[in-house]
Amino acid sequence: MTVSEGGTVLVVDDDREVVRTYRRYLESTYTVREAYDGEDALAELDDDVDVVLLDRLMPGLSGEDVLDRIREEGYDVRVAMVTAIDPDFDIVDMGFDAYVTKPATREELLQTVDDLLTLDQHAVDVREYHSLLVKASALQEGKSTYELEEHPAYADLESRIADLEATLESETDRLTDDSRFVATLRAIDTSAGRGETDG
């Protein structure tokens with residue numbers, strides 16, 4: 001059972017069958033909006049949308065273009081890239097909160113949306129920490145240890161994670177819920193094997 005029932009999810013994909021499938025997966029739990037290209041997505045987006053499931057490759061405005069516009073225009077919305085593109089080092093500077101590789105199962109989408117709605121309840125730096133861990137995990141799954149060790153973007157990502165961890169640890173007045181959430185993220189991250197590239 002989800003902990004965040006009642007949120008609004010915007011599904012963006014130029015494949016209408018994919019959109020229909022995702023709607024079937026989600027509509028019993030969430031309010032679902034649909035868009036079939038980048039312009040439609042921006043037209044559908046407003047302050048009522050909590051999560052965007054965004055295809056990366058679309059004609060016209062790509063998912064990356066839409067993501068940039070979402071962030072530039074200041075929407076406080078969580079975004080999951082849902083894409084057939086295997087993650088590469090260019091994802092390090094993208095402003096998404098989750099990265100799901102197609103084909104996405106019903107369970108994956110429901111868990112992703114629920115996780116992002118939960119994430120939305122936490123402070124900005126906690127959300128950033130989550131996003132950085134998501135990127136590190138995606139790259140670890142798609143790249144060899146050698147590629148990770150040799151690429152400056154991954155070294156920068158690891159440095160940003162370490163800096164943010166230090167910041168979070170130093171904030172003694174942080175809400176208990178945030179502290180618990182960060183601890184959970186660290187536990188998941190450790191079990192996923194981040195840091196194994198050091199040896």
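Predicted model: local features only at pLDDT ≥ 70, side-chain atom pairs only at ≥ 80, totals over all residues.
Leaving aside neighbours within four places in sequence, Thr112 is in contact with Ala80, Ala98 and Val100, contact meaning heavy atoms within 4.5 Å. Residues are numbered from 1 along each chain as its sequence is written, and side-chain values use heavy atoms, with hydrogens and water left out.

Thr112 lies in helix α4; helices (H or I, at least four residues) and strands (E, at least two) are DSSP runs, numbered from the N terminus. Its relative accessible area is 12%, so Thr112 is buried. The term buried means under 20% relative accessible area, with exposed over 50% and partly exposed in between, for a 1.4 Å probe and protein chains only. The buried residues of α4 are Leu109, Leu110, Thr112, Val113, Asp114, Leu116, Leu117, Thr118 and Leu119.

How far apart are the end C-alpha atoms of α4? They are 20 Å apart, which agrees with the 20 Å that its 14 residues should span at 1.5 Å a residue; the expected span is 1.5 Å times one less than the number of residues. The peptide bond joining Lys102 and Pro103 is cis, with omega about -5°.

Next, the helix pairs. Helix α1 (residues 16-26) and helix α4 (residues 106-119) have axes that come within 9 Å and cross at roughly 65°. That makes α1 roughly perpendicular to α4. Axes are lines fitted to C-alpha atoms, for helices over the stretch in contact, and angles run from 0 to 180 degrees between N-to-C directions. Angles under 35 degrees count as roughly parallel, over 145 as roughly antiparallel, 65 to 115 as roughly perpendicular and the rest as oblique.

Tyr22, Tyr25 and Leu26 of α1 make the contact with Arg106, Leu109, Leu110 and Val113 of α4. By class, those residues are six nonpolar, no polar and one charged. Here Ala, Val, Leu, Ile, Met, Phe, Trp, Tyr, Cys and Pro count as nonpolar, Asp, Glu, Lys and Arg as charged, and the others, Gly among them, as polar.

For helix α5 (residues 124-142) and helix α7 (residues 152-170), the axes come within 10 Å and cross at roughly 150°. This crossing is left-handed. Residues that meet here include Tyr129, Leu132 and Leu133 in α5 and Leu157, Ile161 and Leu164 in α7. The contact of α5 with α7 divides into 11 nonpolar, one polar and six charged residues.

Back to the strands. Val32 is placed in strand β2 (residues 31-35). Is Val32 buried or exposed? Val32 is buried, at a relative accessible area of 9%. Not counting residues up to four places away in sequence, Val32 touches Val9, Val11, Arg23, Leu26 and Glu27. Between Val32 and Tyr22, 10 residues apart in sequence, the C-alpha to C-alpha distance is 9.0 Å.

Finally, the whole chain. The protein chain has eight helices and five strands, in the order β-α-β-α-β-α-β-β-α-α-α-α-α along the sequence. Of its 199 residues, 49% are buried. Among contacts between residues at least 6 apart in sequence, 66% join residues at least 24 apart.

Conventions: Left-handed = near helix turned anticlockwise from the far one by under 90°.
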